[in-house]
Amino acid sequence: MEKKIAVLKGDGIGPEVTDQALKVLKAVEKTFGHKFHYTEALVGAVAIDATGNPFPEETLKVCQSSDAILFGAIGHPKYDNDPKAKVRPEQGLLAMRKALGLFANIRPVNTYKILENASPLRADLVQNVDFVVFRELTGGIYFGTRGRSEDGNMAFDTCTYTRDEILRISKLAFESARQRKNHVTLVDKANVLASSRLWREVVKEYHAANFADVTLDFMFVDNAAMKIIQQPAFFDVVLTENMFGDIITDEASVITGSMGMLPSASVGSVVGLYEPIHGSYPEGAGLNIANPNGAILSAALLLETSFGMVAEAKAIRAAVEKAMEDGILTIDIRREKPNSTTEVGDYVANLVAKGASVVA
Ligand SMILES: NC(=O)C1=CN([C@@H]2O[C@H](COP(=O)(O)OP(=O)(O)OC[C@H]3O[C@@H](n4cnc5c(N)ncnc54)[C@H](O)[C@@H]3O)[C@@H](O)[C@H]2O)C=CC1
Ligand SMILES: CC(C)CC(=O)C(=O)O
Ligand SMILES: [Mg+2]
């Protein structure tokens, strides 16, 4: 049966990188004999401009009636630079995650031999880095009560978590560890925060009762930020709350050579959403310079996770790697004679179109 994909390109470089992922999905359709149906919908600043709402009802409906969602990025400097803006693109992103129940954001961090020299870290530290961050996505400080005093001199944000919110993502992280190196690190700030102490308590109990065969350790987030640079190969599965996961995955992305390389899958009970971890990179928008690999690899995650198309996902990943080995690299990776966003998309799509056997 024809699979339905909602396409939410968003703002800035979002449309440019999503277009490359779409090219690659179309190549998959051809090569593997599938038929996908794409429906575009608005989110972010473009949605505010068109409707006044960063996540319009119509977009929610499109998402709910799709089998998977491909998302670009949102965000625009006209809102970033206006602290008094009443409606912001980011509200659309958060509303979408909440409305679709996307409680787990899964961000794989793996390095490529060909990119070892693009990393700010020494090659010996980068080798064999392969970990995955399970970031809680619909709780914590991004969703807590916030406010500002009437005189404007005080502001607050609150971080809350419930036992159930911690349990459901912990289950996914431990299950993933069993398929990997059997090692989970809970990253928190339990020496200071009550919410982190609840995370520790719940994860410890849950581990002992259900996943005692998995190695579990605990690390304060400031230490984790250091360890990701000092010894990134230490990590296998990182389990953490919303804001810590947001911050440490941007940090981790540069180990691979560029922020533009990392894909992610957001899952819950309704429909999966797939997006590169980066934002709308406004300075790069319209210049055809952004690295589309994070978006393309997000399409691979979509096929694998939402459609169970493992060979197709493998073909995309192999094509991305082969393109880089063939020297097809955007300016974030190679400053001399870089390739454009569209050149990378065309090259990867071509490799996939040449046939699964060529690249798999
Ligand atoms: N999921 C989303 O839609 C996200 C949206 N944002 C929004 O994006 C806007 C810009 O935020 P920033 O903090 O500048 O984060 P950003 O992720 O957009 O860009 C940070 C830096 O990363 C690099 N970069 C990002 N994507 C790249 C790509 N595909 N290829 C090459 N280099 C890339 C660029 O050097 C850029 O200056 C803001 O409005 C922010 O709120 C930020 C993060 C996530
Ligand atoms: C609006 C932010 C929470 C988006 C972000 O930085 C992310 O999801 O990585
Ligand atoms: Mg982020």
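Domain bounds here come from an automatic or database domain assignment. The model is predicted.

**Exercise 1.** Find the two domains and state how far apart their C-alpha centres lie.

Solution. 
Step 1. Read the bounds. Domain 1 takes in 1-102 + 261-360, and domain 2 covers 120-256.
Step 2. Take the C-alpha centres. Those of domain 1 and domain 2 are 24 Å apart.

**Exercise 2.** Describe the contact between the two domains from the side of domain 1.

Solution. 
Step 1. Count residues in contact, with C-beta atoms within 7 Å. Domain 1 supplies eight residues and domain 2 seven.
Step 2. Look for the main contributor. On the domain 1 side, helix H5 (residues 89-99) gives the most, with three residues.
Step 3. Sort that side by class. Five residues are nonpolar, one is polar and two are charged.

**Exercise 3.** Is strand E3 (residues 68-73) largely enclosed or largely open, and which strands pair with it?

Solution. 
Step 1. Apply the burial cut-off: 20 or more other C-beta atoms within 10 Å. Six of the six residues of E3 are buried, so the strand is largely enclosed by the rest of the structure.
Step 2. Take strand E1 (residues 3-10). E1 pairs with E3 in the parallel sense over five bridges. Here Leu8 has Phe71 of E3 as its bridge partner.
Step 3. Take strand E12 (residues 272-276). E12 and E3 run parallel, joined by three bridges. Ile69 is opposite Leu273 of E12.

Key:
Residues are numbered from 1 along each chain as its sequence is written. Chains are lettered from A and ligands numbered from 1 in the order in which they are written. This is a predicted model: local features need pLDDT of at least 70, side-chain atom pairs count only at pLDDT 80 or more; totals for chains, interfaces and linings use all residues. A residue is buried if 20 or more other C-beta atoms lie within 10 Å of its own, exposed if 12 or fewer, and partly exposed in between; C-beta atoms are placed from the backbone. Helices (H or I, at least four residues) and strands (E, at least two) are DSSP runs, numbered from the N terminus. Two strands pair if DSSP finds at least two bridges between them. Ala, Val, Leu, Ile, Met, Phe, Trp, Tyr, Cys and Pro count as nonpolar, Asp, Glu, Lys and Arg as charged, and the others, Gly among them, as polar.
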